[in-house]
Amino acid sequence: MDSEFNVSVLATEIGMSSSSLYNRIKSICGQSPNNFIRFIRLRKAAEILISTDYTVSETAYQVGINDIDRIGAKVEKQKVFFMKKIILEKNYRNQKHAAPK
């Protein structure tokens, strides 16, 4: 994802004004377009972290999050996944690499 992708780019890409886009997303999702874009970035980051061995920094870069220091606060605020890194690795990454019995 492009870190420069924002509401204006999205509105242009789908051929809507920013205010129309705001109203449409707000009515469908109950959140602002900025929060919606952030939510999508965080969901994609969670998928990458669970399914690969990329670090948090590498993953953040891939999904367009430049401020790595604030990613934890964003995840907590969005309530996407409440897993600490150690729990993520224990529950998902280690199972992925475990040999079948």
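Where do Glu47 and Lys44 lie, and how many residues apart are they?

Author: Welcome! This is a predicted model, in which local features need pLDDT of at least 70 and side-chain atom pairs count only at pLDDT 80 or more, while totals for chains, interfaces and linings use all residues. Residues are numbered from 1 along each chain as its sequence is written, and side-chain values use heavy atoms, with hydrogens and water left out.

Glu47 and Lys44 both belong to helix 3, which covers residues 33–51, and they sit three residues apart, about one turn of the helix. Helices here are DSSP runs (H or I, at least four residues), numbered from the N terminus. As a general point, an α-helix has 3.6 residues a turn, so residues three or four places apart point the same way.

The two residues are joined by a salt bridge, their closest N and O atoms being 3.8 Å apart. That term stands for a side-chain nitrogen of Lys or Arg within 4 Å of a carboxyl oxygen of Asp or Glu. Searching the whole structure turns up one salt bridge. Glu47 counts as partly exposed because its relative accessibility is 44%, and Lys44 also counts as partly exposed, at 39%. For these labels, buried means under 20% relative accessible area, exposed over 50%, and partly exposed in between (1.4 Å probe, protein chains only).

Lys44 also leads us to the neighbouring topic of packing. Together with Arg41, Ala45, Ile48 and Leu49 of helix 3, Lys44 meets Val56, Thr59, Gln62 and Val63 in helix 4; contact here means heavy atoms within 4.5 Å. Helix 3 and helix 4 pack at an angle of about 135°, and their axes are 9 Å apart. Helix 3 is therefore oblique to helix 4: angles under 35 degrees count as roughly parallel, over 145 as roughly antiparallel, 65 to 115 as roughly perpendicular, and the rest as oblique. The axes are lines fitted to C-alpha atoms, for helices over the stretch in contact, with angles running from 0 to 180 degrees between N-to-C directions.

After helix 4 comes Gly64, with a positive phi near 85°.

Notes
Helix = DSSP H or I, 4+ residues; strand = E, 2+ residues; numbered from the N terminus.
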